[in-house]
Amino acid sequence: MGTSPSAAYTSATAGTQTASLYTTGQKAPGTRSTATEEYNGSSWTGGGVYPTGLSRVTGCGTQTAATAFLGSAPGVPNTTLACSYNGSSWTAITSTNEERNDAGGAGSQDNALGMGGYRSGVGSLANVELWNGTSWIAQNSLANAGPTSMRGPSAVNTASALAVQASTVEEWTGPSAANLNITTS
């Protein structure tokens with residue numbers, strides 16, 4: 001698998017096992033990376049530079065068409081920053097509606113989902129936002145608030161995804177007239 005040159009953690013990730021990327025993240029206490037690393041199934045190479053060093057960032061999409069959003073940095077406990085990646089460079093896009101970090105993410109570059117998370121001074125959040133390629137649209141909230149690990153059946157699917165928080169799993173079944181269908185198990 002090889003060792004990533006940047007070696008940051010709490011980074012945004014996207015892609016598949018043989019075509020993935022991660023960007024930004026914490027390198028040491030108080031230090032954040034702006035590097036992007038791409039993995040081809042056997043080795044890592046450098047990609048575009050993320051606009052600012054953050055940790056606890058959310059990511060989704062593919063190696064050549066990704067979205068990264070939210071996060072935190074020293075002195076900036078929560079952010080609304082959102083960026084898209086075209087395989088070589090990052091570009092700022094419309095900011096999310098609410099600042100937070102540690103949110104779950106699934107979807108594609110132009111159809112992304114951010115769920116849950118944490119905001120300093122407020123605590124755990126249940127907020128859900130859907131990125132449609134132009135703007136972030138508030139959705140019905142999760143039943144349970146908190147930092148979220150979210151996974152879909154593929155890196156480009158917001159029609160079906162799971163939000164996992166400790167021992168609670170909630171299923172996203174896509175936007176509808178009622179905004180959001182979530183079931184808890």
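Mentor: Residues are numbered from 1 along each chain as its sequence is written. Because the model is predicted, local features need pLDDT of at least 70 and side-chain atom pairs count only at pLDDT 80 or more, while totals for chains, interfaces and linings use all residues, and side-chain values use heavy atoms, with hydrogens and water left out.

Trainee: How many helices and strands does the protein chain have?

Mentor: The protein chain has zero helices and 18 strands, where helices (H or I, at least four residues) and strands (E, at least two) are DSSP runs numbered from the N terminus.

Trainee: What makes a polar contact of the pair formed by the side chain of Gln-63 and the backbone oxygen of Ser-20?

Mentor: A polar contact is a pair of N or O atoms within 3.5 Å; within protein, one must be able to donate a hydrogen and the other to accept it, and residues adjacent in sequence count only if both atoms are side-chain atoms. A polar atom of the Gln-63 side chain lies 2.8 Å from the backbone oxygen of Ser-20, and the backbone oxygen of Tyr-39 lies 3.0 Å from a polar atom of that side chain.

Trainee: Why is the pair of Tyr-22 and Trp-44 called edge-to-face?

Mentor: Rings of Phe, Tyr and Trp (its six-membered ring) pair if their centres lie within 6.5 Å, and planes under 30 degrees apart count as stacked, over 60 as edge-to-face and the rest as tilted. By this rule the count comes to six aromatic pairs. The ring centres of Tyr-22 and Trp-44 are 5.5 Å apart and their planes stand at 75 degrees, so the pair is edge-to-face. Because Tyr-22 lies in strand S2 (residues 19-28) and Trp-44 in strand S4 (residues 44-46), the pair ties together parts that are 22 residues apart in sequence.

Trainee: What makes the pair of Phe-69 and Trp-136 tilted?

Mentor: The ring centres of Phe-69 and Trp-136 are 4.9 Å apart with their planes at 55 degrees, so the pair is tilted. The pair links distant parts of the chain, with Phe-69 in strand S6 and Trp-136 in strand S14 (residues 136-139), 67 residues apart, and both Phe-69 and Trp-136 are buried.

Conventions:
Buried < 20%, exposed > 50% of the residue type's maximum accessible area, 1.4 Å probe, protein only.
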